[in-house]
Amino acid sequence: MTAITKKPVNPTAHLTPEDFEQIGIELDAIRQDVLDARGATDAAYIHKVVDVQRRLELASRAVLLFSSLPPAWIVGTIGLSVAKILENMEIGHNVMHGQWDWMRDPKIHSTTWEWDNASTADGWKHAHNEIHHNFTNIVGKDNDLGYGIMRVDEDQRWHPMYLAQPLWNFINACFFEYGIAAYDLELGRNLRIPKEKRSEQFKTNLSKTLKKIRKQATKDYVVHPALSIPTGSFLPTLAANFTANLVRNIWSHSVIMCGHFPEGVETFEKKAIPANETRGEWYVRQMLGSANISGSKAMHIMTGNLSHQIEHHLFPDLPSNRYAEVAPRVQALFEKYDLNYHEAPLPQQVYSAWHKVVRLSLPNGWLATTNLKNLPEQTKLLWAMTTKGPKIRRAAAARLQQQARRVEQAKAA
Amino acid sequence: MSITVPSGATRSASGWSLRTSLRKVAEAAVTPLTLDDVLDHFHPLRGGTDLRGRIVEVRPETTESATLIIKPGRDWNGHLPGQYVRVGAEVDGVRLWRTYSLTHGPRADKCISITVKAIPDGVVSNHLVHHAKPGDMLQLAQAQGEFVLPLPIPPKLLLVTAGSGITPVIGMLRNLFSRTEPYAGDIVLLHSALTRDAVIFGPELRGYAARGLIHLVELHTDVDGMLDVADLDTIVPDLAERTSYACGPAGLLDALEEHYDARDLTLNVERFRPTTVVAGEGGTVSFASGVTIEADGATPILDAAENAGVIMPSGCRMGICMGCVIPLKEGAVRDLRNGALTVAVPGETGPGGVPIQTCISAAAGACHIDEGARSR
């Protein structure tokens with residue numbers, strides 16, 4: 001993707017200031033309708049989900065006490081994976097967004113919730129709610145764009161290290177919870193600062209996170225395996241818990257990639273965001289910077305309703321069970337203002353997001369100008385760009401982009 | 001100084017430590033939840049967790065009032081007749097707290113009861129009278145209140161009540177008359193209600209009167225008019241000899257207190273708190289740190305406080321991140337996005353106040369805010 005202001009046709013160019021204002025008014029009205037309708041059925045919903053999740057987790061862990069029996073291992077691991085996904089996605093993420101604060105139940109409240117994840121609730125709330133939701137898809141401000149380790153935009157200059165980014169992305173998916181924890185701590189930035197110059201805030205947060213990781217790891221890799229010793233299931237339970245964490249990590253990573261990474265989701269230039277961005281302008285940025293996943297009700301619940309990423313980004317504090325109901329109204333608004341409502345099934349969105357990761361791991365234009373016939377030459381060129389220093393890299397990059405433009409023109413003609 | 005430790009203590013100490021270690025393992029197995037969070041799903045009324053109660057029975061008293069029989073959690077400390085309890089009910093999904101008098105003395109079935117009169121526009125009272133059903137859970141606090149009979153119980157009593165003001169008094173009466181050694185004193189109950197049918201516990205009170213247990217004077221204000229305190233000396237000639245208790249609307253209680261003060265007599269009064277908070281535009285905001293500021297109705301409390309040098313938690317400043325949520329202990333604030341009011345009344349809203357987002361809330365009247373109470 002390219003920031004919308006650098007595109008040949010800015011997808012918001014046809015909107016007048018009055019349109020922006022009207023979009024803000026119409027979206028506020030949708031929000032208000034949900035606030036007015038919110039009540040006992042919503043409360044019953046979240047209580048039910050929490051209850052089901054906890055019983056499922058307990059039951060799965062009970063089954064895993066006998067995990068040396070293969071059927072028990074399979075059933076317990078599936079159950080625990082689902083429980084962990086529900087806990088992180090439909091419950092934890094949404095509770096920490098304050099979606100259920102209106103119930104005034106101190107047990108289900110953004111200020112008290114702690115989740116089954118390596119990242120602490122406080123750290124995550126800061127990085128996710130405060131930075132990512134506010135500065136969604138602004139290159140250089142929203143760290144969710146590539147998590148600071150990947151090239152996710154044509155505007156980011158290519159460097160040979162990005163060749164490995166599909167691998168990084170895969171590793172990040174497997175250990176996603178630790179990735180999030182590191183990212184919430186801004187670990188990379190902080191580790192570059194000399195030890196004695198690191199802020200007190202960072203040191204406190206780091207020790208809190210390490211404590212949390214220790215407790216989480218003790219639970220999954222010491223306590224439950226040890227409880228399984230009587231049936232000779234220490235190692236199987238350990239493996240089951242590791243697998244459940246892995247499944248949860250890969251799943252949540254995939255869902256989150258689908259939210260902002262698929263091809264066609266827009267990004268924004270820091271300097272193109274007005275100092276006093278209006279409510280309407282903010283809304284439009286959220287509308288274009290997110291993508292939905294279409295699918296069944298079960299799929300929506302398992303993604304924590306982040307399959308309604310667009311609705312979630314417009315109304316992050318509305319109860320997740322209401323997104324499906326407002327989606328048609330939001331989509332109608334997109335159509336009315338001729339904006340692209342980005343929605344596709346999960347496999348398609350995951351593929352698209354991964355395609356982008358691979359495409360941008362290569363210099364701009366490389367993939368577009370490569371075919372079977374010229375593959376050896378192109379590989380040689382890539383090799384040269386990787387090994388022969390910045391001068392050659394820049395020259396080759398310029399040439400590639402020129403060729404890519406020509407290919408595109410030829411296609412158009 | 002030497003202390004002899006009885007041999008049993010060692011056993012119980014080791015028993016205790018086994019229990020503590022087992023609990024530690026269980027806590028480690030369910031982190032980041034606590035063991036209580038998990039057990040609450042199976043046994044919410046056990047000891048050691050938040051105090052709750054389960055409604056066992058809802059018994060209509062009049063068309064607009066009902067008695068709820070509640071089985072309290074294990075940690076319920078008991079109560080004295082005349083005391084009240086804070087009750088948290090979920091109305092339309094929102095937990096709201098109110099205070100109600102306990103209408104029984106200690107019961108054989110270990111349950112407690114409250115009697116609620118549905119007041120017009122009363123969100124919680126209407127819910128409890130008309131929509132609560134057996135099986136519903138309520139949050140509870142321990143019983144409180146000084147409106148109790150002294151020991152030994154005085155030989156002559158005067159009880160003046162009006163409307164739902166009968167509720168703490170019925171608890172006293174029921175307790176007095178259910179004892180193995182019945183109370184032998186002399187009770188005058190002067191009760192006012194709108195109509196005969198609106199008298200809560202009417203048949204029961206008339207039954208006590210018929211058995212000669214109390215001398216009951218009923219005033220039905222639709223025909224008799226309001227109680228004129230000046231008539232009190234005629235209705236109860238031996239007023240000065242009686243230990244007196246009164247519960248009812250503020251107007252009645254004020255008049256009674258004036259009457260008693262003028263005669264240099266003591267009156268025990270129970271006042272139900274007025275629940276109305278008058279919301280305005282802007283107001284005085286006081287903080288736990290002692291700072292007090294004047295905030296207008298268009299400025300977020302967060303900005304107003306920071307401008308005055310109060311250290312506030314903050315985040316996105318646009319109502320998204322919940323980084324600025326702190327409790328409003330008392331007062332009213334208005335959501336600047338849609339004008340919605342949030343009101344906190346001590347004793348009625350949750351014990352910790354009502355959490356608000358200061359970045360999108362403006363003062364709507366005088367407020368007290370605890371900026372240091374960011375949980376965890």
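This is a predicted model: local features need pLDDT of at least 70, side-chain atom pairs count only at pLDDT 80 or more; totals for chains, interfaces and linings use all residues.
## Confidence in the model

Among the elements of chain B, helix α1(B) has the lowest mean pLDDT, at 77, while strand β2 of chain B, covering residues 65-72, has the highest, at 97. Chain B as a whole averages a pLDDT of 89, and 93% of the residues score at least 70.

For the model as a whole, the scores are ipTM 0.89 and pTM 0.88.

## Chain B at a glance

Let's step back and view the whole chain. The secondary structure of chain B comes to nine helices and 17 strands. Its C-alpha atoms fill a box of roughly 65 × 65 × 50 Å, taken along the principal axes. Of the 376 residues of chain B, 37% count as buried.

Which residues account for 67% of the contacts in chain B with a separation of 6 or more? They are residues 24 or more positions apart. As you trace the chain, then, look out for partners from elsewhere in the sequence.

## Three domains in chain B

The domain assignment divides chain B into domain 1 (52-140), domain 2 (156-270) and domain 3 (283-369). The C-alpha centres of domain 1 and domain 2 of chain B lie 23 Å apart. Where these two domains of chain B touch, 13 residues of domain 1 are in contact with 14 residues of domain 2. On the domain 1 side, β1 (52-62) and β5 (112-117) of chain B each supply at least two residues. That side has three nonpolar, eight polar and two charged residues.

Is Thr63(B) buried or exposed? Thr63(B) sits in the loop between β1 and β2 of chain B. It has 11 other C-beta atoms within 10 Å, so it is exposed, since the cut-off for exposed is 12 or fewer. The C-alpha atoms of Thr63(B) and Arg196(B) are separated by 12 Å, although the two residues are 133 residues apart along the chain.

## A parallel sheet and its helix

Now find the open sheet of five strands in chain B, which has the order β9-β8-β7-β10-β11 with parallel pairing. Because β9 (215-220) and β11 (267-270) of chain B stand at the edges with a single partner strand each, one side of each is left without a neighbour in the sheet. On average, neighbouring strands of this sheet are turned by 15° against each other, direction ignored.

Strands of a sheet pair through backbone hydrogen bonds, either parallel or antiparallel. Here is a parallel example: five bridges join β7 (residues 156-162) of chain B to β10 (residues 243-247) of chain B. Within this pair, Leu159(B) has Tyr245(B) in β10(B) as its bridge partner. Helix α8 (residues 250-262) of chain B lies across β7, β10 and β11 of chain B, running at about 165° to β11(B).

## A covered strand

For an antiparallel example, turn to β14 (residues 325-335) of chain B, which is joined to β16(B) by four bridges. Ile326(B) has Ile356(B) in β16(B) as its bridge partner.

In a regular strand the side chains alternate between the two faces of the sheet. What covers the two faces of β16(B) can be read from its residues: Val354(B) and Ile356(B) on one side are buried, and so are Pro355(B) and Gln357(B) on the other.

## Where the chains meet

How many residues of chain B are in contact with chain A? There are 26, and they meet 36 residues of chain A. On the chain B side, α1 (7-30), β4 (94-101) and β16 (354-357) of chain B each supply at least two residues. The largest share, three residues, comes from α1(B). By class, this side of chain B has 14 nonpolar, eight polar and four charged residues.

## A look into chain A

Chain A is assigned domain 1 (4-343) and domain 2 (364-412), and 36 Å separate the centres of these two domains of chain A, taken over C-alpha atoms.

Helix α10 (residues 279-288) of chain A is mostly covered, with seven of its 10 residues buried. Among the buried residues of α10(A) are Tyr283(A), Val284(A) and Leu288(A). The buried residues of α10(A) pack against α1 (17-37), α12 (309-314) and α13 (323-336) of chain A.

Note on methods: Residues are numbered from 1 along each chain as its sequence is written. Chains are lettered from A and ligands numbered from 1 in the order in which they are written. Two residues are in contact if their C-beta atoms, placed from the backbone, lie within 7 Å. Ala, Val, Leu, Ile, Met, Phe, Trp, Tyr, Cys and Pro count as nonpolar, Asp, Glu, Lys and Arg as charged, and the others, Gly among them, as polar. pLDDT is the predictor's confidence in each residue, from 0 to 100. Domain bounds come from an automatic or database domain assignment. A residue is buried if 20 or more other C-beta atoms lie within 10 Å of its own, exposed if 12 or fewer, and partly exposed in between; C-beta atoms are placed from the backbone. Two strands pair if DSSP finds at least two bridges between them. Axes are lines fitted to C-alpha atoms, for helices over the stretch in contact, and angles run from 0 to 180 degrees between N-to-C directions.
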